[in-house]
Amino acid sequence: MRNRAGVSKERENDFINGGTAALTTTGALQAKAPDPEPVKKAKAKPVSISFTDENLKDIDNRIRNEILAGGSRVNRSDIVRAAILGLEHLSDEEISVLISKAKLQ
């Protein structure tokens, strides 16, 4: 500490150790449980994928239908993620059939 002339060590220690914050456990000062850590959202990574014009038109129609139905704001990535979630209900064989239908000729 600079310019300590005239400040006795005892007065300094009394000041530092003289605080009373959070020394009581009554009323509003009672210890409360720590806040749980916030759930972190998964971060999306931009990737490049290819669609035919027909695929893009179908995706855009799904977006339009969702908006007209009063749903929340939707984008193409939301539609693709929803399609991936829909695959969870199919067997591996059914997914293979869909993939072979979807392949560009």
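This is a predicted model: local features need pLDDT of at least 70, side-chain atom pairs count only at pLDDT 80 or more; totals for chains, interfaces and linings use all residues.
Visitor: How many helices and strands does the chain have, and what makes a run a helix?

Guide: There are 4 helices and 0 strands. Helices are DSSP runs of H or I with at least four residues, strands are runs of E with at least two, and both are numbered from the N terminus. Along the sequence the pattern reads α-α-α-α.

Visitor: How do you know what span to expect of H2?

Guide: The expected span is 1.5 Å times one less than the number of residues. Helix H2 covers residues 53–68, 16 residues in all. Its first and last C-alpha atoms are 22 Å apart, close to the expected 22 Å. Just after H2, glycine 70 takes a positive phi of about 85°.

Visitor: How does the span of H3 compare with the expected one?

Guide: H3 has 12 residues and reaches 17 Å from first C-alpha to last.

Visitor: Why is aspartate 60 said to form a salt bridge with arginine 76?

Guide: A salt bridge needs a side-chain nitrogen of Lys or Arg within 4 Å of a carboxyl oxygen of Asp or Glu. In this pair the closest N and O atoms are 2.9 Å apart, so the pair qualifies by the definition. The pair links distant parts of the chain: aspartate 60 is in helix H2, arginine 76 in helix H3, 16 residues apart. The structure holds 2 salt bridges.

Visitor: Are aspartate 60 and arginine 76 buried, exposed or partly exposed, and what decides the label?

Guide: Buried means under 20% relative accessible area, exposed means over 50%, and partly exposed lies in between (1.4 Å probe, protein chains only). Aspartate 60 has 31%, so partly exposed is the label. Arginine 76 has 40% and is therefore partly exposed. Of the 105 residues of the chain, 6% count as buried.

Visitor: Which residue forms a salt bridge with arginine 81?

Guide: Aspartate 78 does, with the closest N and O atoms 2.7 Å apart. An α-helix has 3.6 residues a turn, so residues three or four places apart point the same way. At 43% relative accessibility, arginine 81 is partly exposed. Aspartate 78, at 28%, is partly exposed.

Visitor: What makes asparagine 75 and serine 77 a polar contact?

Guide: A polar contact is a pair of N or O atoms within 3.5 Å; within protein, one must be able to donate a hydrogen and the other to accept it, and residues adjacent in sequence count only if both atoms are side-chain atoms. At the start of H3, a side-chain oxygen of asparagine 75 reaches to within 3.1 Å of the backbone nitrogen of serine 77. The backbone nitrogen of aspartate 78 lies 2.8 Å from a polar atom of the side chain of asparagine 75.

Visitor: Where is asparagine 75, and which residues does it contact?

Guide: Asparagine 75 is in the loop between H2 and H3. Contact means heavy atoms within 4.5 Å. Leaving aside neighbours within four places in sequence, asparagine 75 contacts Ile63 and Arg81. Asparagine 75 and isoleucine 63 are 12 residues apart in sequence and 6.6 Å apart, C-alpha to C-alpha. At 37% relative accessible area, asparagine 75 is partly exposed.

Visitor: Which residues does leucine 87 touch?

Guide: Leucine 87, in helix H3, touches Ile95 and Leu98, not counting residues up to four places away in sequence. The C-alpha atoms of leucine 87 and leucine 98 are 9.6 Å apart.

Key. Residues are numbered from 1 along each chain as its sequence is written. Side-chain values use heavy atoms; hydrogens and water are left out.
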